Amino acid sequence: ARSKQLAEKLSELEHAQLAEKPWQLRGEVSGQQRPANSLLETVLDFDQPGAAAKAAMAPSEESTRSIEEVIRARCKDGLWDDVVR
């Protein structure tokens, strides 16, 4: 009984994975692969990695001083982050 339920559930999941997906879920889709003007009706939500990093890292005198202290200490101690190849 339990194995039959698992087999049915597995079959449902496989069918869902193989079924045709809407154009929004297909990855990179060109204009020829989607209905006309469908992008205008879609709410787009995406991250802009560069914008978030720039907003979070606004330079200040204190942060600059802190970074310079770390650099001086590492130079004095001879701690280098050489890439191991």
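Let me begin with N37, which is exposed, with a relative accessible area of 51%, where exposed means over 50%, buried under 20% and partly exposed in between, using a 1.4 Å probe and protein chains only. This is a predicted model, in which local features need pLDDT of at least 70 and side-chain atom pairs count only at pLDDT 80 or more, while totals for chains, interfaces and linings use all residues. Residues are numbered from 1 along each chain as its sequence is written, and side-chain values use heavy atoms, with hydrogens and water left out.

Staying with N37, the residue has a positive phi of about 60° although it is not a glycine. Most residues other than glycine have a negative phi. N37 sits in the loop between helix 1 (2-18) and helix 2 (49-56), helices being DSSP runs of H or I with at least four residues, strands runs of E with at least two, numbered from the N terminus.

That loop also holds L44, which is exposed at a relative accessible area of 53%. Together with L39 and F46, L44 makes a nonpolar surface patch of about 310 Å²; patches take residues with over 30% relative accessible area and no salt bridge, joining nonpolar side chains (Val, Leu, Ile, Met, Phe, Trp, Tyr) within 5 Å and like charges within 9 Å.

The accessible surface, from the Shrake-Rupley method with a 1.4 Å probe and, for residues, only the protein chains shown as cover, comes to about 8400 Å², of which 55% belongs to carbon and sulfur atoms.

Methods. A salt bridge is a side-chain nitrogen of Lys or Arg within 4 Å of a carboxyl oxygen of Asp or Glu.
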